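Good morning, colleagues. I would ask you to keep the structure on your screens while I speak. I shall begin with the ligand and then turn to other parts of the chain.

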Amino acid sequence: MAYGLLKGKRGIISGALDEKSIAWKVALKAKEEGATFTLTNAPIAMRMGAIKQLAEQCEAEIIPADATSTEDLENLYNKSTDILGGKVDFVLHSIGMSPNIRKGRQYTDLNYEWFKQSLDVSAMSLHKMLQTAYKLDAINEWGSVVALSYMAAQRTFGFYSDMGDAKALLESITRSFGYQYGRYRKVRVNTVSQSPTVTTAGSGIGGFDKFFDFAEATAPLGNASAEQCADYVVTLFSDLTRMVTMQNLFHDGGFSMTGASEEVVQAFLESRQNA
Ligand SMILES: NC(=O)c1ccc[n+]([C@@H]2O[C@H](COP(=O)([O-])OP(=O)(O)OC[C@H]3O[C@@H](n4cnc5c(N)ncnc54)[C@H](O)[C@@H]3O)[C@@H](O)[C@H]2O)c1
């Protein structure tokens, strides 16, 4: 059911790689809620071709941009404002990548060049997106920027390796830039800390399947899906959440506030009895 929450709003949505991507679902939902927007992803992701299908569905233009390149980002904002006919009202940062995770490097054996890439792509890119928009004054007053995070920013999950540090930086940039952008143009900046979700980035993490089940059994509401995440993100782009900024907002079915669920404790006791 659509509510017209984004009627008349213009935006930029990054990170839609394929139909499993959280950004893909956000794009469909934003369209349904009345927004017009451009889509962007790293030039390399264009080769996969799937984004073109989404662009057709959303009647959106695609502007390739490597989120680590301020030049690409300047071009992204300039072209988006031209195409959309004015400054944007919302921006989605849905970007993450760790070469250390991809190549199976343990946290105690990180390759530091790759570590820098993880931080640059997954966290500093948010600063670059915000700073570029700030300098170009490309976001309207009361605009909204949302980035996707994960709870490993606050608590350690062994398998998440250097992405935990990247997410901690991402959330810190959200607070620091949120303060500046709030004062400058009343633009709000928040992160949504999402449940484990079956996507290319999510499933690329070693042990993801087992952890997905553990989180499902721990959270009283179960894991939040990508579609449900899109619903939440759309409310943050809307005028209904104008006074929410600099926050990390958990969207995880209650996982982050649960110490141990009865289901998980029971399974643990049974496995010990059967050992
Ligand atoms: N899947 C999960 O379990 C989960 C949970 C919490 C948070 N998140 C976060 O959600 C966001 C989206 O991930 P997803 O799960 O939809 O996976 P995904 O693989 O579909 O999306 C990641 C996107 O990042 C893009 N990207 C990588 N390097 C880039 C660069 N240099 N410039 C521009 N784009 C680049 C990729 O092309 C891809 O579209 C990420 O920040 C991820 O950390 C995911």
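Within the shell around the ligand, the element that gives the most is H8, with three residues. Please bear in mind throughout that this is a predicted model.

Which elements supply at least two residues each to this shell? They are helix H1 (22-32), strand S4 (139-149) and helix H8 (200-203). There are 27 residues around the ligand, and those that come nearest are Ser21, Gly96, Thr199, Ala201 and Gly202.

Let me now widen the view to the whole protein. Its secondary structure consists of eleven helices and six strands. The radius of gyration is 19 Å, close to the 19 Å that the globule rule gives for 275 residues, so the protein is as compact as a globular protein of that length. Of the 275 residues, 45% are buried. If we take the contacts between residues at least 6 apart in sequence, 75% of them join residues at least 24 apart.

Is Ala224 buried or exposed? Ala224 counts as buried, because 23 C-beta neighbours lie inside 10 Å and the threshold for that class is 20 or more. Setting aside neighbours within four places in sequence, Ala224 is in contact with Gln194, Ser195, Cys229, His251, Asp252 and Gly253. By contrast, take Lys79, which is 145 residues from Ala224 along the chain: the two C-alpha atoms are separated by 34 Å.

Glu59 has a phi near 50°, a positive value in a residue other than glycine. Glu59 belongs to the loop between helix H3 (50-58) and helix H4 (70-84). It is classed as exposed because 9 other C-beta atoms lie within 10 Å, where the limit is 12 or fewer.

For Asp137, too, phi is near 50°, and this residue is likewise not glycine. Asp137 sits in the loop between helix H6 (112-136) and S4, and S4 is one of the elements that supply at least two residues to the ligand shell. With 12 C-beta neighbours inside 10 Å, Asp137 counts as exposed, since the class takes in 12 or fewer.

Methods: Residues are numbered from 1 along each chain as its sequence is written. This is a predicted model: local features need pLDDT of at least 70, side-chain atom pairs count only at pLDDT 80 or more; totals for chains, interfaces and linings use all residues. Two residues are in contact if their C-beta atoms, placed from the backbone, lie within 7 Å. A residue is near a molecule or strand if its C-beta atom, placed from the backbone, lies within 6 Å of it. Helices (H or I, at least four residues) and strands (E, at least two) are DSSP runs, numbered from the N terminus. The radius of gyration is taken over C-alpha atoms; the globule rule is 2.2 Å times the number of residues to the power 0.38.
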